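Hi everyone, thanks for coming. I'd like to walk you through one model today, going from a few side chains out to the whole chain. Have a look at it first.

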Amino acid sequence: GRNIPLAEDWQLIAPFTGHQPDFLGWLWSQNNEHRVPLPRLIMLALLWLSNGDFRSGMLFDILSLALLSAAMMHTARTVRGHSSISDAFFPLALLHVGHWENLFWTWQLSFVVSIELAAIVMLVFVRRPALDTAASFWTVFAALLLLPLCGATGLIFVPASTIAFSTIPR
């Protein structure tokens with residue numbers, strides 16, 4: 001990836017440099033049909049931490065999808081009781097070459113974060129379907145609260161997840 005803003009990445013320059021007069025307005029502003037305050041905050045934090053290196057968002061996407069793949073493989077192994085060659089499906093699906101445009105464009109973090117939050121909900125339900133521990137309950141609860149802050153791509157997962165969450169006997 002190149003350390004050059006691309007398309008929507010340019011929207012991060014003013015807040016990064018402190019030239020955004022209405023930060024909260026910018027945070028909630030639309031980008032096409034999306035309002036993505038949580039991913040914008042993450043992208044801005046990554047820019048601050050990396051001293052303005054736009055590759056930090058790319059690295060975040062790749063590393064977080066790699067961690068998600070590892071969590072999916074671990075969950076499959078735990079539920080099944082052993083590893084299987086089919087576990088390779090997860091990294092192949094999430095990190096294949098067809099995603100190069102998504103993985104090498106900082107703005108795509110706005111879509112990656114929503115998929116990761118939805119996957120976390122799914123993984124918790126697979127491992128602890130009754131959400132019978134405080135950690136599993138609060139993890140799902142927090143993910144469901146954060147998903148709408150990722151735009152339409154996060155919001156789409158909330159209704160079905162909430163229904164599943166609310167039908168668990170306690």
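**Rings, a helix crossing and the overall fold**

Let's start at one side chain: Arg40 sits over the face of Trp26, 5.1 Å from the centre of the ring. Please keep in mind that this is a predicted model.

Now, is Trp26 buried or exposed? Trp26 has a relative accessibility of 7%, and since the cut-off for buried is under 20%, it counts as buried.

Helix 2 covers residues 23-28, and it holds both Phe23 and Trp26, which are 3 residues apart, or about one turn of the helix. How many aromatic pairs are there in total? The count is 5. One of them is Phe23 with Trp26, a tilted pair with 5.6 Å from centre to centre and 40 degrees between the planes. Phe23 itself is partly exposed, because its relative accessibility of 28% falls between the 20% and 50% limits.

Next, a second pair. Phe89 has a relative accessible area of 51%, so it counts as exposed. For Phe90 the value is 21%, so Phe90 is partly exposed.

Let's move on to helix packing. Helix 3 (residues 37-49) and helix 7 (residues 109-127) have axes that come within 9 Å of each other and cross at roughly 115 degrees. The crossing of helix 3 past helix 7 is right-handed. Which residues meet there? From helix 3 we have Leu38, Pro39, Ile42, Met43 and Leu46, and from helix 7 they meet Leu109, Ser110, Val113 and Leu117. Sorted by class, this contact has 8 nonpolar residues, 1 polar residue and no charged ones.

Finally, let's zoom out. The chain has 10 helices and 2 strands. Reading from the N terminus, the order is α-α-β-β-α-α-α-α-α-α-α-α. The C-alpha atoms fill a box of roughly 50 × 35 × 25 Å along the principal axes. Of the 170 residues, 38% count as buried. And among the contacts with a separation of 6 or more, 67% are between residues 24 or more positions apart.

That's my tour, and I'm happy to go back to any of these views with you.

Notes:
Residues are numbered from 1 along each chain as its sequence is written. This is a predicted model: local features need pLDDT of at least 70, side-chain atom pairs count only at pLDDT 80 or more; totals for chains, interfaces and linings use all residues. Side-chain values use heavy atoms; hydrogens and water are left out. Rings of Phe, Tyr and Trp (its six-membered ring) pair if their centres lie within 6.5 Å; planes under 30 degrees apart count as stacked, over 60 as edge-to-face and the rest as tilted. Helices (H or I, at least four residues) and strands (E, at least two) are DSSP runs, numbered from the N terminus. Buried means under 20% relative accessible area, exposed over 50%, partly exposed in between (1.4 Å probe, protein chains only). A charge sits over a ring if NZ of Lys or CZ of Arg is within 6 Å of the ring centre and within 35 degrees of the ring normal. Axes are lines fitted to C-alpha atoms, for helices over the stretch in contact, and angles run from 0 to 180 degrees between N-to-C directions. A crossing is left-handed if the near helix is turned anticlockwise from the far one by less than a right angle, and right-handed if clockwise. Contact means heavy atoms within 4.5 Å. Ala, Val, Leu, Ile, Met, Phe, Trp, Tyr, Cys and Pro count as nonpolar, Asp, Glu, Lys and Arg as charged, and the others, Gly among them, as polar.
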